[in-house]
Structures are given as C-alpha cells and as structure tokens.
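Have the viewer open as you read.

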Amino acid sequence: MIHAGMKIDLQKLPFALKPFLLSLFLSLSFLAFLSFQTPPHSLHKPAVSLPPDLRIRPGYSSYDAYINRQLNKTLNPKLRKIWTTRDWDRKVRVFSEFFDNLKVRGFLSNDSKALCVGARVGQEVAALKRVGVNDSIGIDLVPYPPLVIKGDFHRQSFDDRSFDLEFSNVFDHALYPWKFVGEIERTLKPGGICVLHVSLSRRADKYSANDLYSVDPLKELFKLSELVEVRRIDGFGLDTEVVFRKK
C-alpha cells in the first residue's frame, strides 16, 4: 500500500505500472484544477426561503443552461411562424380587450409609458398601441423590432423609475422570481402599475421554470408595492390577473 507522503521511486516500479501512475497523476491534477474554477453564470440561490406556494423547477445546472432551454422555444421556427401569422390577430385582439379594461379601471392611460416583459414577438405591444398607448415597448431574449428589443427580465437594462405600467404573462418562466419582481419594482415609477397574468389552477408548459400555487408568494415578493386587485381571466391558458401598485 502506498501512503500519503511516501516518495515513489519510479525507477524501481514495474514498467507496466508507470503509464498507469502517470495517467492517475494527470487525472487528479485536472480534477483539482476544475474544482477551483467558477462558472461564468452560476445559479443564484435566494437570500431567504421562497414561499411554500412557489416552487422552482429543478434540472438547471447553470444560468446558461436555463437560457438555452428558453431559447429552444423562443427560436423554434414553427412557433415563431404561428405567433406572427395565424395567432397574431387573435392575440392582439384579446390583449387589446385586456388593456381597454385596464383603462376603464384606471390602471392605464394613453399617456402611460408601458413595458411588456417577456413579449416574444410583441403581440401585447401591438395591442397597447392599438388602444392608444403609443409609448410602449417589449423585451425578450430574442428581439423582434420594432416592437420588442433584446433584454433579460432578470436584469432589465432600463433606468430606475422608467415606466408607468409593466405587463407580463411569463412569470412562470422566471428562474429567479425574486429578481424578476425586483427588476419590475426598480423600473416602475412610484405609483406605477404592474399587471401579471399567471396560472394558479393548472401547471404551465414544459418550458416553465417555476410553479405558482396561490397569489400569496407574489404578495411576499412585491416588497415595494401593494396588492390592488385579483380577478379571474381567460388568457391563453392563464387564469388569474394580479395587479400591484408601487408605493
């Protein structure tokens, strides 16, 4: 048996053992080197425990793995063709009805500066412009100009207090929900409105990164805002509209 610290005289070892020991030494050295490396995009753990009704789906080894998973859907040529052709008019019409209703309830006006978070090809942005909210833009991992610019909802590129209203129906795609919400609150003006469309009664699609089982986790995550309204909707598989106002 070879003990740690014992010197090995390679000259006295059988010839057949020499390649094995050399290979073992190189392998251990490489593993030691890897153990000191830090991935450029490591997963961030929440500073506090998440509420029990919000669960992050497992399976992502890194943030890059998560991004690549989302891009598999966003860049799917068949889906993008559907979103920009047969789905376009129907979704713009339904989003327009939602936004018109927000105007009636006093949450949105033609003078509002609006952001759609996770807007894909921009159907909701087109709907905002259709109802008269012309200062509207969307962000997504893949841009779709002129309606959608490139952006990551975990780290928005906009200045603090930029928007009067932020809308999103992709909360379930957030790997870090606390960052998703934190960026919305950071870029909302005081008194600004955030409208989320979420699913509580059924699990979202296979590309979702979290599962939400009640509104309670949202109330905990929106630390700078007050819950204004919750109502049932029928929004492309999403069943609940939640409205917050930044304090």
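In which sense do S2 and S3 pair, and over how many bridges? S2 and S3 pair in the parallel sense, over four bridges. Pairing here asks for at least two bridges between the strands in DSSP, and helices (H or I, at least four residues) and strands (E, at least two) are DSSP runs numbered from the N terminus.

A word on the ground rules. This is a predicted model, where local features need pLDDT of at least 70 and side-chain atom pairs count only at pLDDT 80 or more, while totals for chains, interfaces and linings use all residues. Residues are numbered from 1 along each chain as its sequence is written, and side-chain values use heavy atoms, with hydrogens and water left out.

**The overall picture**

The protein chain has seven helices and nine strands. Of its 247 residues, 43% count as buried, meaning under 20% relative accessible area, with exposed over 50% and partly exposed in between (1.4 Å probe, protein chains only). Take the contacts (heavy atoms within 4.5 Å) between residues at least 6 apart in sequence: 65% of them join residues at least 24 apart.

**Around S2**

Back to that strand. Ala114 finds its bridge partner in Ser136 of S3. S2 also runs parallel to S5, joined to it by four bridges, and Leu115 stands opposite Glu166 there. Both faces of S2 are covered, with Ala114 and Cys116 buried on one side and Leu115 and Val117 buried on the other.

Together, S2, H5 and S3 make a right-handed β-α-β unit; right-handed means that, with the strands pointing away from the viewer, the path from the first strand over the helix to the second runs clockwise. How enclosed is H5 (residues 123-130)? Six of its eight residues are buried, so H5 is largely enclosed by the rest of the structure. The buried ones are Gln123, Glu124, Val125, Ala126, Ala127 and Leu128. They pack against helix H3 (77-84), helix H4 (88-104), strand S2 (114-117), strand S3 (136-140) and strand S5 (163-168). Just after H5, Gly132 takes a positive phi of about 105 degrees.

**Rings**

Rings of Phe, Tyr and Trp (its six-membered ring) pair if their centres lie within 6.5 Å; planes under 30 degrees apart count as stacked, over 60 as edge-to-face and the rest as tilted. By this rule the count comes to twelve aromatic pairs. Phe99 and Phe167 form one that is edge-to-face. Phe99 sits in helix H4 and Phe167 in strand S5, so their pair ties together parts that are 68 residues apart in sequence. Phe99 is buried at a relative accessible area of 0%, and Phe167 is buried too, at 2%. Phe171 and Phe180 make an edge-to-face pair as well, and both are buried.

| Aromatic pair | Centre to centre | Angle between planes |
|---|---|---|
| Phe99 and Phe167 | 5.3 Å | 85 degrees |
| Phe171 and Phe180 | 5.6 Å | 80 degrees |

Elsewhere, Tyr60, Tyr63, Tyr66, Tyr176 and Trp178 form one aromatic cluster.

**Two cores**

A nonpolar core is a set of buried Ala, Val, Leu, Ile, Met, Phe, Trp, Tyr and Cys residues joined through side-chain atoms within 4.5 Å. Which residues of the largest core touch the most other members? Of its 32 residues, they are Tyr66, Phe153, Phe171, Phe180 and Leu196. The elements that give two or more residues to this core include H2, S2, S3 and helix H6 (177-187). S6 gives the most, with four residues. Leaving aside neighbours within four places in sequence, Leu196 is in contact with residues including Ser168, Phe171, Phe180 and Leu218. A second, separate core of 25 residues includes Val94, Phe95, Phe107 and Leu128.

Is Lys73 buried or exposed? Lys73, in helix H2 (residues 63-74), is buried, with a relative accessible area of 11%. Leu75, in the loop between H2 and H3, is partly exposed at 47% relative accessible area. Not counting residues up to four places away in sequence, Leu75 touches Arg80 and Val142.
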